[in-house]
Amino acid sequence: MADESSAVHGVDPSVPNVARMYDYYLGGKDNFAADRAAAEQILTYFPETRPSAQENRAFLARAVRALVQAGVRQIVDLGSGLPTRGNVHEIAHRIAPDTRVAYVDYDTVVCAHGRALLGGDNVKMIQGDIREIDALLTSPGLRKLIDFDQPVAFLMLAVLHFVSDEDGAYDIVRTLRAVSAPGSHLVISHAIDARPDTTPEALEIYKQATAALSLRTSEEIGRFFEGYELLEPGLVFPRDWRPDPEQTAAPERHRPIGYAGVARRP
């Protein structure tokens with residue numbers, strides 16, 4: 001989006017957006033000058049942000065491969081950002097072209113750009129807000145693509161940082177569990193810890209880019225998943241959703257960034 005005259009109607013290109021900043025960290029060009037400037041400011045405070053984003057994208061690839069190899073054929077990426085550069089449908093369709101993928105994001109520019117990029121019956125970009133989870137799950141676009149009577153994988157990579165307790169973070173997780181058929185998965189990651197050296201300047205940049213930001217530690221993220229169990233490589237589901245052992249792909253060993261409840265792989 002280097003040409004800012006192409007901004008989607010109703011979106012102020014001078015206001016940074018976290019999803020577009022994330023794309024910038026990954027080497028993408030789908031962002032405005034404000035996004036690039038904000039991202040560069042964050043990198044001055046936290047140089048590890050770019051390697052962390054790259055590691056999170058690698059975790060996404062491992063998780064999606066494991067899901068598809070385990071037989072899951074429906075994936076909903078909540079808070080997906082821009083579906084570019086090796087994202088979910090590209091990884092899933094290399095293994096199983098019939099996998100249905102729904103990308104969800106609340107940002108108008110992200111959704112418009114995603115729709116322009118995506119094609120086919122098995123992948124869609126849906127505008128919605130995870131903080132309004134009931135409305136999102138009953139939206140016609142999502143219901144047309146996803147059959148909730150069959151196993152679904154919900155990807156929640158770092159999105160709980162953008163949902164305050166007051167906005168119902170607990171309710172989101174409970175609702176996803178309640179709506180999902182046996183064999184479903186929640187996939188979570190945690191890329192940012194609340195740090196004592198987080199500067200007011202850095203927090204202010206994030207506040208400008210999103211309506212809410214709750215920098216939580218891994219333990220604080222974990223409390224949303226009490227009663228859940230962690231599977232390598234970070235596949236998360238309730239104990240009564242455990243598949244037969246032969247249906248689960250062999251785990252890959254890697255640095256752990258997926259969490260569930262109080263469980264964390266050493």
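R20 is buried, because its relative accessibility of 1% falls under the 20% limit. This holds for a predicted model, in which R20 forms a salt bridge with D107. The closest N and O atoms of R20 and D107 are 3.0 Å apart. R20 lies in helix α1, while D107 sits in the loop between β2 (100-105) and α5 (108-117), so the pair ties together parts that are 87 residues apart in sequence. D107 is buried as well, with a relative accessible area of 9%.

**Salt bridges**

The structure holds five salt bridges. Side chains of opposite charge can pair when their charged atoms come close.

R131, at 25% relative accessibility, counts as partly exposed.

R174 and D171 both belong to helix α8 (residues 169-179). The two residues are three positions apart, about one turn of the helix. D171 is partly exposed, with 44% relative accessibility. Elsewhere, salt bridges that share partners join R20, D35 and D107 into one network.

**Nonpolar cores**

The largest nonpolar core has 29 residues. V76, L78, F154, M156, L176 and F225 have the most contacts inside this core. Two or more residues each come from β1 (74-78), β2, α6 (133-137), α7 (140-145), β4 (153-157), α8 and β5 (185-189). The element that gives the most is α8, with four residues.

What is L176 in contact with, leaving aside its neighbours within four places in sequence? The partners are L78, I133, L137, F154, M156 and L186. Of these, L78, F154 and M156 are also named among the core residues with the most contacts.

Another core, of 26 residues, lies apart from the largest one. Its members include L60, V64, V68 and C111.

The loop between α1 (18-25) and α2 (33-45) contains G27. At 38% relative accessibility, G27 counts as partly exposed, because this value lies between the limits of 20% and 50%. G27 and Q54 are 27 residues apart along the chain, and their C-alpha atoms are separated by 9.6 Å.

**The protein as a whole**

The protein has ten helices and seven strands. Of its 266 residues, 53% count as buried. The protein exposes about 12100 Å², and carbon and sulfur atoms supply 51% of this area. Among contacts with a separation of 6 or more, residues 24 or more positions apart account for 71%. The bridge between R20 and D107 is an example of a link over distance in sequence, as its partners belong to parts 87 residues apart.

Conventions:
Residues numbered from 1 in each chain as written. Predicted model: local features only at pLDDT ≥ 70, side-chain atom pairs only at ≥ 80, totals over all residues. Heavy atoms only, no water. Buried < 20%, exposed > 50% of the residue type's maximum accessible area, 1.4 Å probe, protein only. Contact = heavy atoms within 4.5 Å. Areas by Shrake-Rupley, 256 points an atom, 1.4 Å probe, with all protein chains shown as cover. Salt bridge = Lys/Arg side-chain N within 4 Å of Asp/Glu carboxyl O. Core = buried A, V, L, I, M, F, W, Y, C linked by side-chain atoms within 4.5 Å.
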